[in-house]
Amino acid sequence: MEASLLRQCPLLLPQNRAKTVYEGFISVQDGSTCIFYHLFIYFFSKGRDFHLRIELPEDLQMKNARLLCSWQLKTILNGYHQIVQQEVALKKKQELCPPPPPPQFYSSLIEEIGILGWDKLVFVDTCLSTIKLKAEDASGRKHLITLKLKAKYPAESPDCFVDFPVPFSVSWTPQVTDQPQIGVRIAVLPITVPLSAGLVMYPCHCSWNFQIWYDTSSLISIYGQFLAALESLKAFWDVTDEIDEKTWVLEPEKPTRSATARRIALGNNASIHIEVDPKHPTMLPECCFLGADHVVKPLGIKLSRNIHLWDPENSLLQNLKDVLEIDFPARTNLEKSDFSMDCGICYSYQLDGAIPDQVCDNPQCAQPFHQICLYEWLRGLLTSRQSFNIIFGECPYCSKPITLKMSGRKS
């Protein structure tokens, strides 16, 4: 910054060691222009020198600097105030509204969508900058991918948004030619019809079992990578779908395809929270039992004792049944309301998206509470005491001892 400033105005000298204050002279000739970075200052005057002092802010940005000058220079600058405002407004407008892409952008995009198949198009905006495509995986699940195209497409990769439990990274090589390189191979035919050379193959899982060949800088390339990612996540979604269909999932209430956690009801006021690994969905997940100690402690003992029985060849749900020696409450026999007891303090089921996960250990009470509600209640009791992240107090209902171990879910 300093070198550029002094190069434009060599008669300015720093006045302190931090080089935040400059003072000196500037020479203005007929029709000459002096531009200080983001300050558009036009000097039109007969040749003369003006005394000028520049005070820079802490960030050393010229656009936030203070200019101290003589009244003669100030008069000249005030005369061009409107011109400066127009220039600044024009620059901001250009930054907010970049020029439209060339016609080739639209023609090549329409051609790519046509080859990909208009039946796969779900949404496209009027500027053709946002496109949504749909696909089905091998199990018939429907998925969407949203593409945000940039003005320099296909020289720049579009931004891709998917509902995946893992990051979706796109392999992209900028196109050299004006047209996308595309070819199609139909598996049921004995011949291959290439449309150009230098192509990459991606499998497309559908009833016709055909394969698309294309370069790595087109919508077809991204769609092929999208299909490949769907195939790699099939086992994960098979696991989570079985859990959602055959058990009562308390949280999340409406799981998305990216959700890896499930809180499954085990019985009245007892549940298990699991975190499924998308890359190894049939392996033993992270488990956390929630409920009264007299209910969940025996389950923890069974998990430790039977962990050797876990078989990755079986489904995750079946393994949980075998290891915990239980049958999960079936959706066909019970309603979700059978497990949805309101908090004993705020008298609601959901509080900021959380449901009651603390239960009184007294078997005759077993009243559930939100963690934050019980935390605030125990904090208000003079008889409560705290040791690190554990609070000891009395149950609001039965007055029996109750223990609250704080976790990140409180916030």
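A residue counts as buried when its relative accessible area is under 20%, as exposed when the value is over 50%, and as partly exposed in between, with a 1.4 Å probe and protein chains only. By that rule, 38% of the 411 residues of this chain are buried. The structure is a predicted model, in which local features need pLDDT of at least 70 and side-chain atom pairs count only at pLDDT 80 or more, while totals for chains, interfaces and linings use all residues. Residues are numbered from 1 along each chain as its sequence is written, and side-chain values use heavy atoms, with hydrogens and water left out.

The chain holds 9 helices and 22 strands, where helices (H or I, at least four residues) and strands (E, at least two) are DSSP runs numbered from the N terminus. If contact is taken to mean heavy atoms within 4.5 Å, then 46% of the contacts between residues at least 6 apart in sequence join residues at least 24 apart.

Two packed helices are described by the angle between their axes and the distance between the axes. Helix α4 (residues 103–116) packs against helix α5 (residues 219–232) at an angle of about 40°, and their axes are 9 Å apart; the axes are lines fitted to C-alpha atoms, for helices over the stretch in contact, and angles run from 0 to 180 degrees between N-to-C directions. The pair α4 and α5 is therefore oblique, since angles under 35 degrees count as roughly parallel, over 145 as roughly antiparallel, 65 to 115 as roughly perpendicular and the rest as oblique. On the α4 side, Leu109, Glu112, Ile113, Ile115 and Leu116 take part, and they meet Leu219, Ile220 and Tyr223 of α5.

Turning to the cysteines, a disulfide is a pair of cysteine sulfur atoms within 2.5 Å, and by this rule the count is 0. Cys360 is in no disulfide, as the nearest cysteine sulfur, that of Cys398, lies 3.6 Å away. Cys360 has 0% relative accessibility and therefore counts as buried. Cys395 is likewise in no disulfide, with the sulfur of Cys360 as its nearest cysteine sulfur at 3.8 Å, and its 3% relative accessibility means that Cys395 counts as buried.
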